[in-house]
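Trainee: I've got a model open and I'd like to learn how to read its disulfides and its inner space. Can you walk me through it?

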Amino acid sequence: DKGEKENGTKKEKKKSKKKGKKNKGKGKKDANLCKAGSFSTKKGCEQCAENTFSGNEDSACTPCPNGLVSAVGSTSEDDCSYDQYPTCNCWTPECGYCSSIQCTVKQDLFNSNNGIEVRSTPGRRRKELDTVILYNEEGEQLGQFQWNVKGIYLSGCVRCQTPPALKEARIKGGLEEPWTFSLAGGVVQIRMGGEVMYTNPLKGECFDRYVKVNRFAFYKMTCGNSFSFIPNEMVAGEQVSSNCPVACLLNQSLS
């Protein structure tokens with residue numbers, strides 16, 4: 001009986017040692033796992049750099065796709081977005097009162113499915129309009145796209161009331177919910193939340209006129225508003241950034 005007890009005790013000790021080794025290994029493995037927004041290094045966990053992201057237990061950070069940007073420590077691709085540029089008013093002496101090509105952003109709107117995505121405070125009065133000046137490749141003005149919760153206008157071609165659903169979405173979304181103006185294929189569109197809420201196909205002379213749109217600038221929009229800069233579609237003129245401080249100072253003096 002004594003011998004059997006000793007054998008039983010030895011077996012239990014061996015089992016406990018094996019369990020200890022397993023748990024020990026597991027502890028090391030867990031120690032190497034990092035939380036979302038970080039990655040494992042020899043020194044421990046480090047935060048993901050700008051324009052990258054990682055999920056739980058990822059061994060490395062993944063770059064944001066298509067030129068999107070993200071903050072340090074981003075945890076998923078949902079954190080990636082386009083860089084935001086202020087909607088600087090081109091109506092300044094430095095921009096030749098919206099006549100300088102260096103104060104425009106180059107984008108082939110006719111062939112762009114992305115369009116121009118803007119975040120701005122909704123204008124409720126008839127004269128409070130979000131205004132985008134449209135130019136051809138050479139920088140000649142073709143017209144203006146303007147809209148608010150009252151109406152939608154495109155110089156010489158569109159003049160109509162804002163649809164109720166779009167009006168409601170615009171007021172509800174406020175500054176946080178972006179709206180997108182698109183001219184892809186010669187069709188005027190306004191989108192919000194990924195949904196097309198206004199559409200108007202251009203025809204005849206209007207189509208011929210706006211098919212040439214290749215640049216844009218913002219007119220009389222405040223510095224608190226912004227637009228998404230798409231690096232693989234847009235090229236900012238040399239004075240777009242330098243004009244912003246001037247435009248913002250003028251806005252402040254007028255307010």
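This is a predicted model: local features need pLDDT of at least 70, side-chain atom pairs count only at pLDDT 80 or more; totals for chains, interfaces and linings use all residues.

Trainee: Okay, how many helices and strands does the protein chain have?

Mentor: The protein chain has 4 helices and 17 strands. Of its 255 residues, 38% are buried. Take the contacts between residues at least 6 apart in sequence: 57% of them join residues at least 24 apart. The accessible surface is about 15200 Å², and carbon and sulfur atoms account for 49% of that.

Trainee: On to the disulfides. How many are there?

Mentor: A disulfide is a covalent bond between the sulfur atoms of two cysteines. Here the count comes to 6. One of them joins Cys-34 to Cys-45, with an S to S distance of 2.0 Å. Cys-34 sits in the loop between α1 (2-31) and β1 (38-41), while Cys-45 is in strand β2 (residues 44-47), 11 residues apart.

Trainee: Is the disulfide of Cys-34 and Cys-45 left-handed or right-handed, and why?

Mentor: Look at the torsion about the S-S bond: it is about -90°, so this disulfide is left-handed.

Trainee: What does the disulfide between Cys-64 and Cys-80 tie together?

Mentor: Those sulfurs are 2.0 Å apart too. Both cysteines lie in the loop between β4 (62-63) and β5 (83-86), so the pair ties together parts that are 16 residues apart in sequence. With a torsion of about -70°, the disulfide is left-handed. Cys-64 is buried at 10% relative accessibility, and Cys-80 is buried at 9%.

Trainee: And which hand does the disulfide of Cys-90 and Cys-98 have?

Mentor: Its torsion is about 95°, so the disulfide is right-handed. The sulfur atoms are 2.0 Å apart. Cys-90 is buried at 1% relative accessibility, as is Cys-98 at 2%.

Trainee: Which residues lie nearest the centre of the largest cavity?

Mentor: Cys-88, Cys-103, Val-105, Phe-218 and Val-240 do, out of 10 lining residues. By class, the lining has 9 nonpolar, 1 polar and no charged residues. β15 (215-218) and α4 (238-254) each supply at least two residues, and β15 gives the most, with 3.

Conventions:
Residues are numbered from 1 along each chain as its sequence is written. Side-chain values use heavy atoms; hydrogens and water are left out. Buried means under 20% relative accessible area, exposed over 50%, partly exposed in between (1.4 Å probe, protein chains only). Contact means heavy atoms within 4.5 Å. Accessible areas come from the Shrake-Rupley method with a 1.4 Å probe; for residues, only the protein chains shown count as cover. On a 1 Å grid over the protein atoms alone, a cavity is a set of points where a 1.4 Å probe fits but cannot get out, and a pocket is an open set with protein on both sides within 12 Å along at least five of seven lines; lining residues have an atom within 4 Å of a point. Ala, Val, Leu, Ile, Met, Phe, Trp, Tyr, Cys and Pro count as nonpolar, Asp, Glu, Lys and Arg as charged, and the others, Gly among them, as polar. A disulfide is a pair of cysteine sulfur atoms within 2.5 Å.
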